Amino acid sequence: MTERYLSMTEVAERLGITKGALARYRLPEPDVVVGKARGWREDTIDRWNASRPGRGIGGGRPRKNKTE
């Protein structure tokens, strides 16, 4: 049976983000490396994505106060 792995492009598509945005993520160790190409099993990416911390209440960096 042939094992199927996701490429960086396929990981980005699965997460619904661009490949450029994915480059800023700290991905889990790849399940396979062939030459310079890395590959991940779908379940590896799904588990990693589910365990990532959310932005939390308020959603990230605080806004600067605007004085009127």
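## Exercises on a predicted model

Leaving aside neighbours within four places in sequence, valine 11 touches Leu6, Leu22, Leu27, Trp40 and Ile45. The model is predicted. Work through the exercises below with the structure open.

**Exercise 1. Find the residues of the largest nonpolar core, and say which element gives the most to this core.**

Step 1. Start from valine 11, which is in contact with Leu6, Leu22, Leu27, Trp40 and Ile45.

Step 2. List the core. The largest nonpolar core has ten residues: Leu6, Met8, Val11, Ala12, Leu15, Leu22, Leu27, Trp40, Ile45 and Trp48.

Step 3. Assign elements. Two or more residues of this core come from each of helix H1 (8–15) and helix H3 (42–51). H1 gives the most, with four residues.

Step 4. Recall the background. In soluble globular proteins, nonpolar side chains tend to be buried together.

**Exercise 2. Classify the aromatic pair of tyrosine 25 and tryptophan 48: which term describes the angle of the planes?**

Step 1. Count the pairs. The structure holds one aromatic pair.

Step 2. Take the geometry. The ring centres of tyrosine 25 and tryptophan 48 are 6.2 Å apart, and the planes stand at 55 degrees.

Step 3. Apply the cut-offs. Planes under 30 degrees apart count as stacked, over 60 as edge-to-face and the rest as tilted. At 55 degrees, the pair is therefore tilted.

Step 4. Tyrosine 25 lies in the loop between helix H2 (19–22) and strand E1 (32–34), and tryptophan 48 in helix H3.

Step 5. Check exposure. Buried means under 20% relative accessible area. Tryptophan 48 has 14%, so this residue is buried. Tyrosine 25 has 28% and is partly exposed.

Step 6. Look for a charge. The charged end of arginine 52 sits over the ring of tryptophan 48, 5.2 Å from the ring centre.

**Exercise 3. Decide whether threonine 44 is buried or exposed, and find the partner of its side chain in a polar contact.**

Step 1. Locate the residue. Threonine 44 is in helix H3.

Step 2. Read the accessibility. The relative value for threonine 44 is 9%, so this residue counts as buried.

Step 3. Find the partner. The side chains of threonine 44 and aspartate 31 are joined by a polar contact of 2.8 Å.

**Exercise 4. Trace salt bridges, and say which residues join Asp31 in one network.**

Step 1. Take the total. There are six salt bridges. Side chains of opposite charge can pair when their charged atoms come close.

Step 2. Look at arginine 4. Its side chain meets that of glutamate 10 in a salt bridge, 2.4 Å from N to O. Arginine 4 is exposed at 56%, while glutamate 10 is partly exposed at 23%.

Step 3. Move to aspartate 46. This residue forms a salt bridge with arginine 14, with the closest N and O atoms 2.8 Å apart. The pair links helix H3 to helix H1, 32 residues apart. Aspartate 46 is partly exposed at 37%, and arginine 14 is partly exposed at 38%.

Step 4. Return to aspartate 31. Its side chain meets that of arginine 41 in a salt bridge, 3.6 Å from N to O. Arginine 41 sits in the loop between strand E2 (37–39) and H3, and aspartate 31 in the loop between H2 and E1. Arginine 41 is partly exposed at 30%, and aspartate 31 is partly exposed at 29%.

Step 5. Join the partners. Salt bridges with shared partners connect Glu3, Asp31 and Arg41 into one network.

Key:
Residues are numbered from 1 along each chain as its sequence is written. This is a predicted model: local features need pLDDT of at least 70, side-chain atom pairs count only at pLDDT 80 or more; totals for chains, interfaces and linings use all residues. Side-chain values use heavy atoms; hydrogens and water are left out. A nonpolar core is a set of buried Ala, Val, Leu, Ile, Met, Phe, Trp, Tyr and Cys residues joined through side-chain atoms within 4.5 Å. Buried means under 20% relative accessible area, exposed over 50%, partly exposed in between (1.4 Å probe, protein chains only). Contact means heavy atoms within 4.5 Å. Rings of Phe, Tyr and Trp (its six-membered ring) pair if their centres lie within 6.5 Å; planes under 30 degrees apart count as stacked, over 60 as edge-to-face and the rest as tilted. A charge sits over a ring if NZ of Lys or CZ of Arg is within 6 Å of the ring centre and within 35 degrees of the ring normal. A polar contact is a pair of N or O atoms within 3.5 Å; within protein, one must be able to donate a hydrogen and the other to accept it, and residues adjacent in sequence count only if both atoms are side-chain atoms. A salt bridge is a side-chain nitrogen of Lys or Arg within 4 Å of a carboxyl oxygen of Asp or Glu.
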